[in-house]
Amino acid sequence: MKKTLIAATLAATFLAGCSKPETTETAAPKTAVETTTAPAEKPELGSFGVDLTARNEAVKPGDDFFMYASGTWYDTYVMPADKTRYGAFSGLAERSEERVKEIIEEIAARDDLNAEEQLIADFYNAYMDTETLNKLGVAPIKPLLTEINDVSSTDDLTKLFGQAWLSGVNSPIGGGMWFNRLDPNKYEMSLGAGGLGLPDRSYYLEDSERFEKTRNAYVVHIAQMLELAGVDNTTKRAQAILALETKIAQGHWPREKRRNRDLTLNQIKRSELNSTYPGFNWDLYFAQTGYKVPQLNVSQPEPIKAMIELINQEDLAVWKDYLTYHALSSNAELLSEDVFNTNFAFYGKELNGQQEPRPRWKRAISQMSSTDSLGFAIGKVYVARYFPESSKQQMSELVENLRTALGERIDNLDWMGAETKVNARAKLAAFVPKIGYPDVWQSFDGLTISKNDLMANIRNTREFFQADSVAKELEKTDRNRWGMTPQRVNAYYNSSFNEIVFPAAILQPPFFDPNADAAVNYGGIGAVIGHEMGHGFDDQGSKSDANGVQRNWWTDSDRAAFDAKADQLAEQYSKYEPIEGNFVNGRNSLGENIGDVGGLAMAYHAYKLSLNGKEAPVIDGLTGDQRFFLAWAQVWKEKRTEQSMLNQLRGGTHAPGRFRAQAPRNHDAWYKAFNVQPGDALYLPEDQRVRIW
């Protein structure tokens, strides 16, 4: 349940990484229907691929396009007790979970298992064995708690921080191996500041009644967890931990600053680290990781210095209590139910508004399906069972259609000069799409999993992937690497490889349906493809070139013109107020908003090209343009608890779905399609509509 804050600034941008294809710059795009080889069947949603029963036609599209497209669903949907949000992504995620559960339970029931299937069965059985876990209580982490209790020096503390990757505890200094932003053919460690137990620094630093209530509840929660570890005087110690984390938060950069790639690129040779960042035993720290670290990137220089100062100045006893608490909290789902439930009471119910924990089998699947667990072993079976090659082929053609559309749009930009356009087209041509699943699957040779020792399984898995990372540190980067498993409902752009990645599980309705109307597929998965392409040209992704190298490939005047448009979009989104007094952070969500607005424009352009100059048919009284924009809006239908919404506003990089659904207000065609007029709440004068890509 607890979300660990990752310290390293990674360059993959997610929506909610095959061989390089040939570009089709002159070919007319084909529609999804034209590329379907199987006999036409009925779409999953409605008569053409959109759920019209979800609409609230009493709402004017120009006043609230989200509620017009999904208002009846929103007003009648009752949030299940084990959820904090639900929407199109959630529905697909549940379908994926059910399929994975079926796969795992079928494997676990068989005797004739191959090596990978045995790993899956044993891990699942160990996770589901609550009887054993309840007998053990906190015993599985007793060695860690003893090691923390024995800390008697700053070096002992540093050693534990260096082992955070294995123990799961929070560390004020942390990071991981990523790609060298100036040479993506090389790996490079990236270091940053972390160490918070609450979602964002604002939870510690803002004086509003809402955040004060959360901090008070956090102290109560910490005290309860410490009591489970046999600690006395828990309230006083919990207050000291909050005070320490508040100081950590004061040293952190705001999120909008942490995503600025100009500020987070600070490469340094290992030999210079001690003189530039003195007061910390770097040799001891890196010795815990196994990495050689000839060079690294310090993504947050001032915060790292602030963390070093805190490590040296704060009372060692408070640091020990801090580590004790986080050892319990970070590993709560691997321990007895009383520990898990105590942790859930805060991180689930108090912090997110979730009334009940998710069923244990879902938590098991979540644990097992990540890229640093058995996710690809499960994904291999998932793909064979649920992902037809025809879907991959259709997606490949859609990607090329979007590439064609964006190429034409770049050519026609009135704010970009010829010199920058050459570089932009080169980057577009170099985009590498990865669709469905990796060409080479992760090997699990050497991984040991037990059917009755969950904590050992977690440690063995962490050690397995850490050893793999250490072994590859000085090798050429693996371009086949995927940052998501096939059963994950999401997509991402990786600037270092200039790649767009679409796991198999997202290629389903409402995003993609081979039997849906072309307008729906372009408004759904087409705009998602455009969104990911757009990340290569957003305010941060645009700082890397066709080869994934972070460098300025813009003329000064073109960059200034782009920044002016980006500033306008940031200002537009910053006016949205989902919770009274709490606004969307238009600057922190800018990359995602550029991806949405630009991706929608690319997808609409590709859709129009696919019609080859013909008028789209009217279906169920809706024009092609209306179906296109409705499909987009229904992709972003969602309902949230207020606490979850606040977490999204303060700790996330995406605007809430309600406002992502309103992105069409920046597109002229939407105004015509729905007769949006001055005076409507979403109406923007033409000079205020942001047109970037």
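Helix axes are lines fitted to C-alpha atoms over the stretch in contact, and the angles between N-to-C directions run from 0 to 180 degrees. The model is predicted: local features need pLDDT of at least 70, side-chain atom pairs count only at pLDDT 80 or more, and totals for chains, interfaces and linings use all residues. Residues are numbered from 1 along each chain as its sequence is written, and side-chain values use heavy atoms, with hydrogens and water left out.

Helices (H or I, at least four residues) and strands (E, at least two) are DSSP runs numbered from the N terminus. The axes of helix α9 (residues 209-228) and helix α16 (residues 337-352) cross at roughly 175° and come within 10 Å. The two helices are therefore roughly antiparallel, a term applied to angles over 145 degrees. Contact (heavy atoms within 4.5 Å) involves residues of α9 including K213, Y218 and L228, and residues of α16 including D338, F346 and L351.

Strands count as paired if DSSP finds at least two bridges between them. Four strands form an open sheet in the order β3-β4-β6-β5, with mixed pairing. Strands β3 (173-180) and β5 stand at the edges with a single partner strand each, so one side of each lacks a neighbour in the sheet. From one strand to the next, the twist averages 35°.

Within this sheet, β3 and β4 run antiparallel and are joined by eight bridges, with G174 partnering G192 in β4. Strand β4 (residues 183-193) pairs with β6 (residues 295-298) in the parallel sense over three bridges; the partner of S190 in β6 is N297. Strand β5 (residues 267-269) runs antiparallel to β6 and is joined to β6 by three bridges, and K269 stands opposite Q295 in β6.

Technical notes. Angles under 35 degrees count as roughly parallel, over 145 as roughly antiparallel, 65 to 115 as roughly perpendicular and the rest as oblique.
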